[in-house]
Amino acid sequence: MVVLVAILLALQSVVITPTTGGAADRTVQSQMQQEAQDALVVAAEDTDENSLSQMVRYWDEDGGFEGTDDSFVDPHGNNVYSPGNFSDESELGEILYDRFDERGQNYNVELHYSNESDETENRSLVYQGSPSSNAVSASYTVSLYNNQSVTANNGNLDEEEDAPIENQDKDESLYNVVEVRVIVW
């Protein structure tokens with residue numbers, strides 16, 4: 001009888017919360033998504049040499065992005081930035097590192113764009129693994145124009161042969177439209 005009362009008392013004292021099963025609280029998810037969106041907006045509005053547009057155009061001569069780390073690759077085998085390296089290369093990287101990496105949260109930064117066949121392609125700038133089921137995402141769209149410079153080597157976009165992002169329509173002044181997507185978990 002005493003054992004039965006002890007078990008009954010123990011069962012009544014357990015508190016089940018929305019995060020007991022491992023799922024993130026919706027408030028926490030909303031806050032992470034808003035922080036990621038704010039990071040994109042701040043980086044896009046930066047008037048220095050670190051804007052989102054310049055980050056997307058920071059190419060090297062090998063068809064990749066300048067300053068990526070050879071020891072970090074995405075699932076497609078492309079070199080990507082480590083979070084620390086990305087924070088040194090861009091305003092967005094610095095904000096994400098300060099807000100998420102230092103709190104132990106993972107994030108991926110992806111670029112989504114159309115190729116000449118109008119198919120969507122993507123390229124990772126930061127890849128920290130597959131997102132969990134409670135991941136949130138935020139995105140910001142950047143327009144690239146043929147007369148803009150490639151920030152790593154000072155050539156123009158329309159002069160690049162091994163560009164990581166293709167020229168969607170070579171006859172137009174618009175080079176491509178790129179969605180910068182941040183996924184946090």
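A salt bridge is taken here as a side-chain nitrogen of Lys or Arg within 4 Å of a carboxyl oxygen of Asp or Glu. The structure is a predicted model, in which local features need pLDDT of at least 70 and side-chain atom pairs count only at pLDDT 80 or more, while totals for chains, interfaces and linings use all residues. Residues are numbered from 1 along each chain as its sequence is written, and side-chain values use heavy atoms, with hydrogens and water left out.

Three salt bridges are present in the structure. In one of them, Arg103 pairs with Glu35, with 2.6 Å between the closest N and O atoms. This pair links distant parts of the chain, 68 residues apart: Arg103 lies in the loop between H5 and strand S3 (107-114), and Glu35 in helix H2. Helices (H or I, at least four residues) and strands (E, at least two) are DSSP runs, numbered from the N terminus. Glu35 also meets Arg99 in a salt bridge (3.0 Å, N to O). Because Arg99 belongs to helix H5 and Glu35 to helix H2, the pair ties together parts that are 64 residues apart in sequence.

Accessibility was classed by relative accessible area (buried, under 20%; exposed, over 50%; partly exposed, in between; 1.4 Å probe, protein chains only). Glu35 is buried at 13%, whereas Arg99 is partly exposed at 35% and Arg103 is partly exposed at 42%. A further salt bridge joins Glu179 to Arg181, with the closest N and O atoms 3.1 Å apart. Glu179 is partly exposed at 23%, as is Arg181 at 25%.

Helices H2 (residues 26-45) and H5 (residues 91-99) pack at an angle of about 155 degrees, and their axes are 9 Å apart. Axes are lines fitted to C-alpha atoms, for helices over the stretch in contact, and angles run from 0 to 180 degrees between N-to-C directions. The two helices are therefore roughly antiparallel to each other (an angle over 145 degrees). On the H2 side, Glu35, Ala39, Leu40, Val42 and Ala43 are in contact with Glu91, Leu92, Ile95, Leu96 and Arg99 of H5 (heavy atoms within 4.5 Å).

Phe65 is situated in the loop between helix H3 (52-56) and strand S1 (69-73). Its relative accessibility is 1%, so Phe65 counts as buried. Beyond neighbours within four places in sequence, Phe65 has contacts that include Met55, Trp59, Tyr81, Leu111, Arg123 and Pro164.

Methods. Angles under 35 degrees count as roughly parallel, over 145 as roughly antiparallel, 65 to 115 as roughly perpendicular and the rest as oblique.
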